[in-house]
Amino acid sequence: MTTTEDEGGLRHSTLCRRFTEEQIMDSIKRAIQTALPQLDEAKLETLVNELVTKVGVEGPEDLQFIQEDDLKHLLTPIQCRKILHSLKAGPVDTQPSSSLPEPLPVASSSTCPISPISPNSAWVDNFEVPWNKMRPSLRRAVDAGEKPAPEDRRHLIRVTVDAMRDHSLNPTRSECVVVAKAITQKYPNTFLDTNEEGELLGCGYFSVLNQLKTRVEYLNRGNTLSRLRNPKRTQRDDEEGDDDDQPPVATCARRDSYGCVRWQPEDYPDGETSASLEEKKLEMLDIFNREGLKGAERGRVEDLMAITYAKQREYINANPSPSILDVGKEWPFLFSQKFLFSHFTTLTSVELYTRLNEDLNKKGKRLLDFFSSQITRWKKEVRAVLKEALKKDREGTDGLAAMLVMLAYFKEQEDSLFLLADVTTTPADAEAHLSLPITPRIIMLGETILSAQKWMLSIEGRVVIPTAAHLTDFTTALAALFACYYVFNLEYQVEANTTLEFVQRFLVRINPDSTKCTAKEQISRRTGRVVKRKNAYMNPNVISFIREFTEFDWLTD
């Protein structure tokens, strides 16, 4: 056999082995989903990875040997029992619905959750995007590797969906995923979702997928015969749902490991044990009891906080989650600016304050330019905030002004992130008179949010970071607010989730393939009543705005 043949055989065997491993992982997933169909995708991925890498599960047939101790650190007791009961009831059919592997994702890190493709979807494997119907202007854009004009992009979506409907009147989301991947893989520079820095936004094909599915739903809006419906959940199903469907009373909803690289280290530092790290924690508590947060400046505390990182994560990641009050009692130095930011950096590998300090005002100025240059496009709420932001004698930074404009643009209220209080307000005053919400808020001290020169941070109805002489700039305030969601495993509050995801993807540039807000209900802006909330893997409003802003910035540069 020649060298070329050897290399070809090696590539073939490697590819086959990878497909086999993927099928094994998928079969384990299906077995777990049979027992826990409502388990969210992020937790399912974590569970499967732990069972394979730590417990040693090599296939679905090994699941009969797992015990509750293997699962209890990731699942509630009821969820553990459901899985064990399901496995004892008999073998689970975990055979893939098709022998063909799913097309490779656009990015190796992409894990956009999708449903399995049914046998009736075989057409999609041979589907060809009608590139021959591409407009000449779009052809020039893809040849040059440039972003297309919005009308050219919409035309391609329309003709592609028309071609898909020749095979299926109502293509499923899974089928749309395959087509979206094909489009972005063929012309990645033109269609991939990227930020200004060229970094991938989530899976990279979310906006194309969203446009395809939206077009499909539009065309089927009056066609009841082609609708695909899931079985309705009964009241009994809701009552027997997972225990973690509802957050504990008076604490923020938790979100595990979202966008983190060191969410829970597996090992303690060399030479350390749980007992030795506990002694170091007690040493820090002793320093805090004597010196308060001023002790954070001691070199010894810096060494102790670094070496006990795994122990800190162990406590924060416990199930049930500790309250913010309890975290403050056990690890008080986490509420100092210094160690809140350093913990965030270890957790995510992002230098949060440095990144915001470099980009917030610079990008804020460009956002204000974007809105002001097209002022007639916006609704009156946006124009009103923009008018104040563009005043020549305006106080406050461009970054803060842009944040207020983005809140208005995304139709979210200022008090979903900011509370305004008198400049003389103390933490005790705030807790007594401001009706602090459960979810995080920046308390701005001044006559207006833009003119405020001091701030505090509250979580779960308590001021966790008081005002201080060295904590005056808005960049530090936004960094402290944002860090808390990651360090303490908090979900974004529903009422500000779009703006927070915008900060995450546009400013902080953390881009996982999912959302950090999974709430199932929200308050209707129109009626004021509690209504069901539609969850998306990523916020389409954020992705589409970043794409539009990037294209505008490129055209006007």
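Predicted model: local features only at pLDDT ≥ 70, side-chain atom pairs only at ≥ 80, totals over all residues.
Aromatic pairing was examined across the model, and the count comes to 29 aromatic pairs. One of these is formed by Phe370 and Phe545, whose ring centres lie 5.5 Å apart with 90 degrees between the planes, an arrangement that is edge-to-face. Phe370 belongs to helix H15 (residues 352-372) and Phe545 to helix H21 (residues 540-556), so the pair ties together parts of the model that are 175 residues apart in sequence. Phe370 counts as buried because its relative accessibility is 1%, under the limit of 20%, and Phe545 is likewise buried, with a relative accessible area of 1%.

A further pair is formed by Phe371 and Tyr409, which is edge-to-face because the ring centres are 5.5 Å apart and the planes stand at 70 degrees, an angle over the 60 degrees that this class requires. Phe371 lies in helix H15 and Tyr409 in helix H17 (residues 398-409), so that this pair ties together parts 38 residues apart in sequence. Phe371 is buried at 0% relative accessibility, whereas Tyr409, at 24%, counts as partly exposed. The residues of both pairs belong to one aromatic cluster, which is formed by Phe370, Phe371, Trp378, Tyr409, Phe410, Phe502, Phe506, Phe545 and Phe549.

Charged side chains are also found over aromatic rings. Lys363 lies over the face of Phe506, at 4.6 Å from the ring centre, and Phe506 is itself one of the members of the aromatic cluster. Elsewhere, Arg221 lies over the face of Tyr218, at 4.1 Å from the ring centre.

Helix H16 (residues 380-389) contains the buried residues Val382, Val385, Leu386 and Ala389. These residues cover an arc of only 100 degrees around the axis, and they are therefore placed on the same side of H16. The cover over the buried residues of H16 includes H15 and H17, the helices that hold Phe371 and Tyr409, respectively. On the face of H16 that is turned away from its buried side, the exposed residues Lys380 and Lys387 are found.

Among the strands, S3 (residues 454-459) and S4 (residues 462-465) pair in the antiparallel sense, with three bridges between them. Ile459 in S3 stands opposite Arg462 in S4. The two strands form a hairpin in which two residues lie between S3 and S4, and Glu460, in the turn, has a positive phi of about 55 degrees.

Technical notes
Residues numbered from 1 in each chain as written. Heavy atoms only, no water. Pairing = 2+ DSSP bridges. Helix = DSSP H or I, 4+ residues; strand = E, 2+ residues; numbered from the N terminus. Phe/Tyr/Trp six-rings, centres within 6.5 Å; stacked < 30°, edge-to-face > 60°. Buried < 20%, exposed > 50% of the residue type's maximum accessible area, 1.4 Å probe, protein only. Lys NZ or Arg CZ within 6 Å of the ring centre and 35° of its normal. Arc of directions from axis to C-beta. Contact = heavy atoms within 4.5 Å.
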